[in-house]
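Here is a set of questions and answers on one structure. Look at the sequence and the model first.

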Amino acid sequence: MQDVRADDIALNGSSPRSLMTSPEPAPDEPSDDDVVDVDVLVVGAGITGLYQLYRAREAGFSSQLLEAGDGVGGTWYWNRYPGARFDSESYTYGYLFSKDLFEEWEWREHFAEQPEIERYLNHVVDRFDLRRHIRFGAKVTSAVYDAGAWRVVAGDGTTYRAQYFIAATGVLSVPYYPEVPGRENFRGESYHTGLWPAAPVDFADKRVAVIGTGSSGVQIIPAIAGTVASLTVYQRTANWCTPLNNAPITPDEQAELRAGFEAMCETLNTSPSGFLHLAHDRATFEDTKEERWAFYDKMWSSPGFSKLTSNYSDLLMDEAANAEWCTFVSEKIRSIVADPKTAEKLIPDEHRFGEKRPPFVTGYFEVYNNPNVDLVDLRRTPILRMTDNGIETSDGVREFDIVVWATGFDFGTGALARMDIRGRDGVALRDHWADGPRTFLGIQTTGFPNFFFPGGPHAAAGNNPRYNGDQVDFVTDTLIYVRSHGFDVIEVGAAAEDKWTDMIDRWATRAPSFGESSYYFGSNIPGKPRKYLLNSAGRPKLFTEIAKVIETDYQAFRLSRSSDPAPLGASG
Ligand code: NA7
C-alpha cells in the first residue's frame, strides 16, 4: 500500500469539515441535528445496490440506501411493461453469494418475467433484513465532497453525511425520449417502457403505436399484439432478433440446478462475459454448408445469448462468417413473416450480427402475420411530428389511443451525470466526464475521493450482475482495507485511471466489438461523446486488475486521513 498523507492530494479550495457543519445553517439548509451520519450511503435499490448494501452492512459499516422509486428492483422496478423479462438465464442473473438463497428460491422460468424478478428481489431484501436500511421515494439531488466526507441531499428533504458515497444507479436508468416535434401535444396515453406505471395499462381494443424496436420494443410488441385493436410499429433500424427459447423450469431441472450450484458458479466465473454457454471450438468455414445450416438450426433453438457466445468461434471476427449467420437468420425471418415486403423490412441491412446488442424474442416475427399489426419503416417515411391524436410521418397521419416509447436510455453515464455530484474543488462529475467517462476498473474516478460507482460505466459487458457483483465485492474489500489501515479517505491515482480508460477505449475499437452505431458508445443520444461505456476488456481482465491492486498493496490509490492538515497547494 502507498501510505499517502492528505497533503499529497490536491485539496486546495475545499473547506475544512468545520465549515461544512456551520453552527448557523442558512434558512433552507438542514441544521446539523437533521443531518444523518452514516459510514456508507448507497444510491439505488437495484440488483447491484442491494448487494452493496448487504456487503457494507455485513462488513460492519453503518449503511443507508436511498431509492427514488417506491419499491426495490431498480431497472426491474421501472421496466414493468408487459413482456419485460430477463434474457440471461434467471439462475445466472440472480445472486450467487448465498447458496442457501439459491437453493430456497425456485425460479419458475428459465428467463423470468418482471413480476417474478421483483418478487425475488423483495424476497432477498426481507430474507437479509435489508428493508430497514432503505429509504424509498428519496431521489438524490446533490452529493458534495467536503473534507473527507460526502454531504448528500435527497428530494424528500433528507440530508446525509456519508464517509463513503456509493452510486449503484445503473446503466439503463434514465429513459430517453427522442426530440419529436409536438411530443407534448399528444392527448392520448403515452408511456416509456423504462418508466412504466405501477397500475396496469389497459390495451384492450385500443389503437396502439410502439416506437422503437430494441430489446424493450420487441418484448412488448408480441405481449400486447393479441389484446389491442390495432398495433403500429415504428421501426427505424431493424435488429437481428433471434428466439429466446424460454420454458418453465421442470422439477427435475430444479433439482439439477440445486445439485449443480458450484459447477455453475465455476462456469460463470471462468467464462469471458459471465455467461453459462460455452464457446464453440470450430470456425464457420471448417464446416460444409450442410453442417453449418444444421449447426445454425441448433443455435436458433438454443437459449438466449448462446447465439452470440456459443456460435462459431469466428462469428464476430470474420465478416464472411458473420454474413453467413445473417443469411441464415434472414431466411428464418422470411420463412416466418408471410408478407415478403414486411419480411424484408425486418431484416437488418446496415449492421452485422453482434454489432448492436442483439434482442432475444418470443413470437416477435409472428405478430406481423396478424391482420391488425402494421410496420412503418422510418427510414423511408420518417416521423415529422406528433399531433394531438397521433403520429405524422412523411406519408400521413395515423391516429392512436396509446403511444409507447421504447426508445432506449441515456446509457452508462445518464444517472450519474444528473445527480449533481461534486468532488474536490466543487468540480461537477458531468464536467469531469464532459469528453466521456474516465474510471479505474469502472469503480472510481480521480478528484472524487470516497466515491464509488459499481455497475456504472466501464463496469460490465455481458452478464451484468456477475460483473457488478465483482465490483461490489472489490469496493467493500477496499473499504475494509482502508479502515483496517487507519485511513478514511481513498482516491484512485491519475496513472491507474489513465491506463484503465485508455485500455477500455483501445479495446473497444478492436474486433470483436460492438460498432459505434451501438448505444454502448452513447451514439443514441445527440451530442453525447462517442466513448465506449462498457468494459471492453471483459471479466477476466477485471479479475486480473483487482488481483494486481491487492498484490501491490493498493498502489493504484492514494489513502489518507481526513484529520490530517489540509495542504496549501495542489499536487497530483
Ligand atoms: P434500445 O436498444 O436503445 O432501443 C431503442 C429503440 O428506439 C431503437 O429501435 C431505436 O432505433 C429507437 N429510436 C430511438 N430514437 C428514435 C427516434 N428518434 N425515432 C425512432 N426510433 C427511435 O433500448 P431498449 O430499451 O430497447 O433496450 C435497452 C436495453 O435494455 C437492451 O440493450 C437490453 O440490455 C435491455 P435505432 O436503432 O436507434 O435506429
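A polar contact is a pair of N or O atoms within 3.5 Å; within protein, one must be able to donate a hydrogen and the other to accept it. The model is predicted.

Q: How many residue pairs are in polar contact between domain 1 and domain 2?
A: Domain 1 covers 2-16 + 31-70 + 136-174 + 411-487, and domain 2 covers 210-405. Both residues of a pair must be at pLDDT 80 or more. Salt bridges between domain 1 and domain 2 number zero. The residue pairs in polar contact number three.

Q: What distance separates the centres of domain 1 and domain 2?
A: The centres are taken over C-alpha atoms. Five residues from domain 1 and five residues from domain 2 make the contact. The centres lie apart by 36 Å.

Q: Which residues of domain 1 lose the most area to domain 2?
A: The two domains bury about 350 Å² between them. Carbon and sulfur atoms hold 56% of that area. On the domain 1 side, three residues together give 76% of what is buried there. They are Asn463, Arg466 and Tyr467.

Q: How many charged residues are on the side of domain 1 that touches domain 2?
A: That side has two nonpolar residues. Another two are polar. The charged residues number one.

Q: At what distance does a polar side-chain atom of Tyr519 lie from an oxygen atom of the ligand?
A: Gly214 places a backbone N or O atom 3.3 Å from a ligand oxygen. Arg357 places a polar side-chain atom 3.3 Å from a ligand oxygen. For the polar side-chain atom of Tyr519, the distance is 2.2 Å.

Q: What share of the ligand's accessible area does the protein cover?
A: On its own, the ligand has 780 Å² of accessible area. The protein covers part of that area, and the share is 83%.

Note on methods: Residues numbered from 1 in each chain as written. Predicted model: local features only at pLDDT ≥ 70, side-chain atom pairs only at ≥ 80, totals over all residues. Heavy atoms only, no water. Domains from an automatic or database assignment. Contact = heavy atoms within 4.5 Å. Buried area = accessible area lost by both parts, 1.4 Å probe. Salt bridge = Lys/Arg side-chain N within 4 Å of Asp/Glu carboxyl O. Nonpolar A, V, L, I, M, F, W, Y, C, P; charged D, E, K, R; others polar. Areas by Shrake-Rupley, 256 points an atom, 1.4 Å probe, with all protein chains shown as cover.
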